[in-house]
Amino acid sequence: MVKIRFKLDGAFVEVEAKPYQTLFNVLKDHLGTQSVHFGCGQGACGACMVLVNGKPRYSCLTLAGYVDGKEVVTLAGLAQDGELTPIQRAFIENNAAQCGYCMPGMILTAKALLDKSSKPSDEEIFDALSGNLCRCTGYVPIVRAIKTLVR
Amino acid sequence: MAQFSVLGKPLVNVQLYGHVTGTTQYIDDISFPGMLWIKAVRSPVPRGVIKKIDTEDAERLPGVVKIITAKDVPNNLHVNMAVVGIGPPDEPVLPDKEVNYKGEVICLVVARDEETALKATQLVNVEIEELPPVLDMEEALKPSSPKIKPWNSNTFTFGSGMDGATPPGGQGRPYFLIKRGNVDEAFKKARHIVEGSYLVPPIEHAPIEPHVCVVKPEADGKLTIYTATQAPYFVRDNVATILNMPPSKIRVVSPAVGGGFGGKVDPEFEMMVAVAAVTVKKPVKWRWTREEEFTVSTTRPAVKIEIQDAISGDGLILGRKARLLHDAGAYSRTSPYGVIKACFNLSGPYHIPNVEYRGYCVFTNRQPSSAMRGYGVFEVSFAVELQMEKNAKTIGMDPFEFRFKNAYRNNQISASGKLIDDAYIIETMKEAAALAGINLPAHLLSMSSQG
Amino acid sequence: MAKIRGRGIAAINYPTGMNLGGDPSQVVIFAQPDGKFVVSVASVELGQGLRTALAQVAAEAIGIDPEQIEVKFGDTEAAPHDTGTFASRTTHRMSNAIFAASQEIKKIILDVASKILETTPSDLEIRESKVYVKGVPDKFVTVQEVVNKAQFVYNTPVVGKGLYVKPKSPVDPDTGEADPHSTMAHGCTIVDVEIDTETGMLTVTDVYTVYEVGRVVNRNFVEGQIIGGLVMGLGAALTETVYPRYPSLEYQTTSFQEYVLPTAGDIPRINYKIIENPTSTNVFGIKGVGEMVVNSIAPAIANAVFNAIGVQITELPITPEKILKALAEKKKNTPR
């Protein structure tokens, strides 16, 4: 067993996990985190995405031990004091979700992209989203939502 | 145009607040104290006879609570479509004699956590005597093919009351039949006869949320089934029959579902989780892997459609013959319903006065197929629209013109004898052409669905 | 390396409701004392927007603000029997059932309001969450006050129930004669494609697509179905199958790495239009939308390929391999 101490959505947590357990497994089945979703466990759909020190990662492909001493932010950790972030508001205004299951990956990928560059090109948006699968929306409203935030 | 005060307004989807904050609750978020996990031992071969299931080593693994086999299922028959009159039921919940598709569940491991359950499945020894599988639909129809159904054929019998459509007592056939007018006469009168053969292979719904189910035995002997389903009452009725429990003792709850697309209509696994829960008397959870979604969960059927059209000198389809083969996979599920629905749509949005359509529901040793978005009609629309294109090309007519001429209009009668009163394909095509900047000739623009 | 362009069309229709009917939908509506109405259905919110759409239907049917409505769904102990959320049936059947339940609710509201306003129910109308005396805009009582007084002063429960079913049609076993569906919706899609003759790669550049949906309940949701369905159809047309060597089981896909779905960068330019042609089989004219939106793009693409290269590829998915084979076959069959 390894002891892992990290910051999760603004609060410190300490867990004990087997060395081969994934971050997803720890977040979901040990800590009951509702804002990561099991989509494939194969690193393709992005429903399990989190930000680790600001960078998007598939939690299903991340060993839990990797986040020791780091900061993990899930979709639920974005809104501060109940105030939705501009990205979240843009997704609502542009009807950018249907079943909602892919949202952790879509929104965190969008946030990481816009944190890195405030004026991403269409190609950069498509590239960033290429690791996020959605079966409901056909992506158009998601891209539309992100583009409203491009200055 | 009617004036509505609320209908038609683009209100914001109230679910979005939960979705963008990660607070929408899905079945995977449901958990209870003492909850156990299920993993399945699955058949490695597409067809065979089960000789032995040895669970001793698996049972000894610390953390394993119970191995569930066929003998633990009170009423070991899926009854999915019996509620709509389709039968006979041909699929066990857990097989004890034979397996009919690669991945078919043989037994379930119930354990304290997912990892232990998975380890235990690898310790279960199953001996299966392999048999040659039937995989090709045309081969399956041949008299020489091995028969994989207990009624000694590879087709479903339509026409005699077991298909959820026709009354009992009729002549049973290996195909569903639609016949109107006189196709032979039409083919004799034709200037052109155009044939085509079209194939759509199995396609997977792949919602981002896989199948997930938690069954909780309640203190008063009832069961609560939390499952990502599109049809809660289907689950309730099926589980009740399989567990020999009155439906009134079963409650099914399905809050937000992460996409269905027809893949969560058949109760595929809730009854297995329910059997486990009732046997171990604890809450039990089963979350399918993405591999299981692709290799075992229902898919769109593979459908092969052969069409022959008899076309007049002025470009009207006088008659159509069609032969449709629908790959049900190993078990019926909703396939008989899908075949019938498909056949009713083989004329497309066109007026064809003489038709003969035969739809076969063919069994093969692959994962069972079932409903997927556009059930029965996705494949038919593909075939019909390619056929229309081929027709137009053969007789040298513009593809839009050919469709306009043959489009159905109100007060015509469909292939199933129904009076058409909601025809609108002509107007829809006009709008699409306008959107694409195509200037249709005046004689087409003057046509309408009113006649 | 040459790029060939082609254009293809597909015209489709699609039935609303479970094939042959016999699929009842039921609803119960009750009002809480603060004026909130609970609409309880056993339908399931899959992402299609049911929770909001059915609230709009109930609001329209009763004459109140959709904010006053809570749609409760997916619990067999909270709602009466509904066949299920599939076959493009829910909005059509449930809105008919909700209308019937709403008529019962309205009768109760008008009865109680007539006592409060000291007039007859036929003199009253419900709109904008108020019960007005017809023709007298300043004589009204709020629906909230009516349902509160109904329960605490007039001892009248404010509950409505509704059931809608298209009766199951018999089928003649020798002719297939039957009444298979409530109504047909329609679609027509035109696509422009570009094919690289060296690699066989096909790109859909533009899609023009029109859907006739009877009546629009909420444009956002119809758009959601059109775009989402188009992309699902795009995947089916170009890359998706679990058995790439069907009917063989070889190479059966086991992951998203093998079973390729479109991603955000694969989407063509989409021009769409929604048109209405109300059906007489629904109180508001609504037809089912959610399924037919997948069905038009694959044949349109196949027809565009036919237009571009003169060979018809009749088997999905239309992979680069199939296009290259078709181009080679065309070359072989073309006389010099």
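Modeller: Gladly; below we take some terms one at a time and set each against its definition. Please keep in mind that this is a predicted model.

Colleague: Which strands make up the open sheet of chain C, and in what order?

Modeller: There are four, in the order β4-β3-β2-β8, and the pairing is mixed.

Colleague: Why are β4 and β8 of chain C said to stand at the edges?

Modeller: Each of them, β4 at 69–73 and β8 at 159–164, has a single partner strand, so one side of each has no neighbour in the sheet. On average, neighbouring strands here are turned by 20 degrees against each other, ignoring direction.

Colleague: What packs on this sheet?

Modeller: Helix α1 of chain C, residues 50–62, does, touching β2 (25–31), β3 and β4 of chain C. Its direction makes about 130 degrees with that of β4(C).

Colleague: How do you know that C:Ala58 touches C:Phe37?

Modeller: Contact requires C-beta atoms within 7 Å. C:Phe37 is listed among the residues that C:Ala58 touches, along with C:Ile29, C:Val39, C:Ile69, C:Ile98 and C:Ser102, leaving aside residues up to four places away in sequence. The largest nonpolar core has 302 residues, and C:Ala58, C:Ile301 and C:Val305 touch the most other members of that core.

Colleague: Now to chain B. Why is β13(B) called largely enclosed?

Modeller: A residue is buried if 20 or more other C-beta atoms lie within 10 Å of its own. Seven of the nine residues of β13(B), 303–311, are buried, so the rest of the structure largely encloses this strand.

Colleague: Which strands are joined to β13(B) by bridges?

Modeller: Strand β8 of chain B, residues 192–200, is joined to β13(B) by nine bridges and runs antiparallel to it; here B:Ser197 has B:Glu306 as its bridge partner. Nine bridges also join β13(B) to β14(B), residues 317–329, again antiparallel, and B:Gln308 is partnered by B:Lys321.

Colleague: What lies between the two strands of the hairpin formed by β13(B) and β14(B)?

Modeller: Five residues lie between them, and in the turn B:Gly315 has a positive phi of about 85 degrees.

Colleague: How many residues meet where chain A touches chain C?

Modeller: On the chain A side there are 20, in contact with 19 residues of chain C. Helices α4 (122–129) and α5 (140–147) of chain A each supply at least two residues of that side, and α5(A) gives the largest share, three residues.

Colleague: Lastly, where are the domains of chain A?

Modeller: Domain 1 covers 2–77 and domain 2 covers 86–147. Their centres, taken over C-alpha atoms, are separated by 21 Å, and 17 residues of domain 1 are in contact with 13 residues of domain 2.

Notes
Residues are numbered from 1 along each chain as its sequence is written. Chains are lettered from A and ligands numbered from 1 in the order in which they are written. This is a predicted model: local features need pLDDT of at least 70, side-chain atom pairs count only at pLDDT 80 or more; totals for chains, interfaces and linings use all residues. Two strands pair if DSSP finds at least two bridges between them. Axes are lines fitted to C-alpha atoms, for helices over the stretch in contact, and angles run from 0 to 180 degrees between N-to-C directions. Two residues are in contact if their C-beta atoms, placed from the backbone, lie within 7 Å. A nonpolar core is a set of buried Ala, Val, Leu, Ile, Met, Phe, Trp, Tyr and Cys residues joined through C-beta atoms within 7 Å. A residue is buried if 20 or more other C-beta atoms lie within 10 Å of its own, exposed if 12 or fewer, and partly exposed in between; C-beta atoms are placed from the backbone. Domain bounds come from an automatic or database domain assignment.
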